[in-house]
Amino acid sequence: MSRNLCILLCTFVAACSATPAHTPDGAPAPDLASSGGDQGDNRTCPPQPGDYVPGRPSPPYAACISDDGQYHPFNPGSISTIARIAAFEAIADLLWRGDRLPTQDDFLQASVRLREDNGLQSRLSRREDEHYPPVLDAMGKTRCGDMMVAQMNPDRCVGPARMSPLVNDALAAGGRGENPRVNAARVEAGLLWFLFISTHKEAVTCGTEKKDDCDSCWAYYGGGEQRGGGRGLARYVRMVDPGVHNAIFDGTLAVRCWRDLDPALPAQNAALRDRAIGQLDRALHAGVARVVEARLGQLRQNTGDRRDADLAFIQILGASLLREARLRDAARADQLQQELSRTDAAQVDVGRAQRLLREIFPCP
């Protein structure tokens, strides 16, 4: 692994205190999921008290539009996020799906897809992480568009400070023919991180800015498909743990139900808002943890540049979980960070890392 890559990944892990999949889907191979525990099982995650369950209205939820188990868009004819997930799928086909080594031209074509008008790059470069307090000026306007401010506040201003440089540097390096498997894995992990944070972000702004953002929340997770389908992040989670996929989809329905019951803008029922977004966020963290667990299983089996790619993927996407991990269990989070910080894949204690992920992020 190159020195620059090691520095970048270690920076991510500290700041938060593949082999690309070899299946046609591009998601972690199901046979590998069983190598480190029960990531690939089909158990259903039981809802927690107060969670929204479609078709079973119970306090604090009354009967609502989501009770048929389907997501009903506010504006079905205008969900631009669906096109962004289509671009993610096209980039996956170019760079990490299947078992072939991506070419320099593949990286160049992926850069073109990333930079389509109103596409992935337009959101990647400005994404803010709503888990952190906003960075505001004296007039109450967000300041993440100022690169100097973004670099001083990389947790909140995660898109311009971390995600966009990561993805664009990896595409540029791959376009020069450097470490194609590793750089493809960096793009893959960086974009999945973006989809993870974006799903949560759109749920939050659906209650503060525009209700159409609920549609984007649903689309950032599954590409505008219902429970039985799913592209983008949903494809990965559904492959390794269908029960957690169902929990995430129920979380998107919880957000839609809340906005059906609380249609004002901004939303008025803060308790129901926090419950719905919290249900979704809890499930999203479990889903991303399952994806990292599965890739750890591949790390155990692979060698050479495939293993280096696995490590790059695990470090980037795994680091996105450390904030929440530290809130839940600081001691275990420190142990997980220790495994994620290793620069030699052979030194990663795969079983320990998988166990820690499962303990910190159990079935939601």
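**Entry 1: Gln48**

I started with Gln48 and found it partly exposed, with a relative accessible area of 37%. Buried here means under 20% relative accessible area, exposed over 50%, and partly exposed in between, with a 1.4 Å probe and protein chains only. I was working on a predicted model, in which local features need pLDDT of at least 70 and side-chain atom pairs count only at pLDDT 80 or more, while totals for chains, interfaces and linings use all residues. Residues are numbered from 1 along each chain as its sequence is written, and side-chain values use heavy atoms, with hydrogens and water left out.

I placed Gln48 in the loop between α2 and α3. Helices (H or I, at least four residues) and strands (E, at least two) are DSSP runs, numbered from the N terminus. Leaving aside neighbours within four places in sequence, I found Gln48 in contact with Arg282 and Pro364; contact means heavy atoms within 4.5 Å. I also looked up Gln279, which is 231 residues from Gln48 along the chain; their C-alpha atoms are separated by 8.7 Å.

**Entry 2: the chain as a whole**

I counted 16 helices and zero strands in the chain. Of its 364 residues, 56% count as buried. I noted an accessible surface of about 13900 Å² for the chain, with 50% of it belonging to carbon and sulfur atoms. The areas come from the Shrake-Rupley method with a 1.4 Å probe; for residues, only the protein chains shown count as cover.

**Entry 3: α11 and its partners**

I took α10 (residues 233-240) against α11 (residues 242-261) and read an angle of about 140 degrees, with the axes 5 Å apart. That makes α10 oblique to α11. Axes are lines fitted to C-alpha atoms, for helices over the stretch in contact, and angles run from 0 to 180 degrees between N-to-C directions. Under 35 degrees counts as roughly parallel, over 145 as roughly antiparallel, 65 to 115 as roughly perpendicular and the rest as oblique.

On the α10 side I listed Ala234, Val237, Arg238 and Val240, which meet Pro242, Val244, His245 and Ile248 of α11. By class, this contact has six nonpolar, one polar and one charged residues. Ala, Val, Leu, Ile, Met, Phe, Trp, Tyr, Cys and Pro count as nonpolar, Asp, Glu, Lys and Arg as charged, and the others, Gly among them, as polar.

I then took α9 against α11: the axes come within 10 Å and cross at roughly 175 degrees. The two helices are therefore roughly antiparallel to each other. From α9, Cys214, Cys217, Trp218 and Tyr221 meet His245, Ile248, Phe249, Thr252, Val255 and Arg259 of α11. I sorted this contact into seven nonpolar, two polar and one charged residues.

**Entry 4: buried faces**

Which residues of α10 are buried? I found Leu233, Ala234, Tyr236, Val237 and Val240. They cover an arc of only 160 degrees around the axis, which puts them on the same side of α10. The arc is that of the directions from the helix axis to the C-beta atoms. I saw these buried residues pack against α3 (81-95), α8, α9, α11 and α12 (270-301).

In α15 (residues 330-340) I found Ala333, Leu336, Gln337, Glu339 and Leu340 buried. Down the axis of α15 the buried residues fall within an arc of 160 degrees, so they line one face of the helix.

I located Thr208 in the loop between α8 (180-206) and α9 (212-222). Thr208 is partly exposed, with a relative accessible area of 45%. Not counting residues up to four places away in sequence, Thr208 touches Leu265 and Pro266. From Thr208 to Ala267 I noted 59 residues in sequence and 6.6 Å in space, C-alpha to C-alpha.

Leu265 and Pro266 are joined by a cis peptide bond, with omega about 0 degrees. Pro266 sits in the loop between α11 and α12. I noted another cis peptide bond from Pro59 to Pro60, with omega near 5 degrees. Pro60 is in the loop between α2 (30-33) and α3.

**Entry 5: positive phi**

I looked up Asn118, a residue other than glycine, and read a positive phi near 60 degrees. Asn118 is in the loop between α4 (104-114) and α5 (120-124) and is partly exposed, at a relative accessible area of 43%. Asn179, not a glycine, has a positive phi of about 40 degrees. I placed Asn179 in the loop between α7 (158-175) and α8; Asn179 is partly exposed, with a relative accessible area of 43%.
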